[in-house]
Amino acid sequence: MSLCPSLSEAAPTTNRLLPATWGYLDLTKLPVLVALVLFGAFYFYLDRRMRAGAQIHLRRLPGIDAIEEAIGRATEMGRPVLFIPGINDIDDIQTLAGINILSHVAYIAAEYDTPVIVACRRSVVLTISEEVVKASSLAAGRPENYIPNNMRYLSDDQFAFTAGVNGIMLRERPASCIYQGCFYSESLILAETGYVSGAIQVAGTANIAQLPFFVAACDFTLIGEEFFAASAYLSREPTIVASIRASDLLKMVILPVILLGVVGATVAATAGEATWLGAYSVKFVEILKELF
């Protein structure tokens, strides 16, 4: 007997209350379609509103204040700010969010006349970071704050890059270390070295496995979606703000469905499937599961 059942054996659909197929459509994937349609509708509506001049409110996160306080501390101490936009290439959404935050960091640092060191693992990320810091310094009215030698490509190798960043921390003693992007196992090494160097540290990533290390070693951490929300708040780009707001609206739709499912399951367990109330509650919960 095979230990690896076929797809049809592994996912039976005989107990479904709704049909498994409808023409060429696989209705077992209906929840994905519902979520995609709802998110797309919310996104395009909000994007059109923002492009027409409407303002969509996003709450200012404490992490943004922590970043600005870190830059202020570096200014008071007369030492640079070290910024790392993650270790992935530019095709990673977290890298793009980190570069949006870099633009704000470079602008505030230029206003305070504080140098910014940007350490990159990928050459394309370095090129874009150079342009972002240059444009932000120019927008702040201090183009001289852009120092080409502070834009540093270290290595494509993960731990060679980590060693290079640690060297910058220990040699140049930045007063603030800001990590915003995608990080992996090097996160704790970077954060521990920054702690040893006495820097104030602000981190942000959507990699769940790395969040405990940043939370333990950094002064403030943007956790998961806070990282993307901070990027949207600072950039005010219609497409980014609309996507964040659309995801919030989608959660507002899904949350009542979850609550209805909890109530239905509770009623079914309390009344028992032998009663009419329990039987209808079970069917109601099953329909919710198949739709959402």
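The lining of the largest pocket is made up of nine nonpolar, five polar and six charged residues (Ala, Val, Leu, Ile, Met, Phe, Trp, Tyr, Cys and Pro count as nonpolar, Asp, Glu, Lys and Arg as charged, and the others, Gly among them, as polar). The model is predicted, so to speak of local features pLDDT of at least 70 is needed, side-chain atom pairs count only at pLDDT 80 or more, and totals for chains, interfaces and linings use all residues. Residues are numbered from 1 along each chain as its sequence is written, and side-chain values use heavy atoms, with hydrogens and water left out.

A pocket here is an open set of points, on a 1 Å grid over the protein atoms alone, where a 1.4 Å probe fits and protein lies on both sides within 12 Å along at least five of seven lines; lining residues have an atom within 4 Å of a point. The largest one has a volume of about 410 Å³, taken as the space filled by probe spheres set on the points, which are joined across faces, edges and corners. Of its 20 lining residues, Glu-225, Phe-228, Ala-229, Ile-244 and Asp-248 lie nearest the centre. Helix H10 (238-271) gives the most to this lining, seven residues (helices are DSSP runs of H or I, at least four residues, numbered from the N terminus).

The second largest pocket has a volume of about 210 Å³. Ile-254, Val-257, Ile-258, Leu-288 and Phe-292 are the closest to its centre among 14 lining residues. By class, this lining holds 12 nonpolar, one polar and one charged residues. Here too, H10 supplies the largest share, six residues.

Key. Helices (H or I, at least four residues) and strands (E, at least two) are DSSP runs, numbered from the N terminus.
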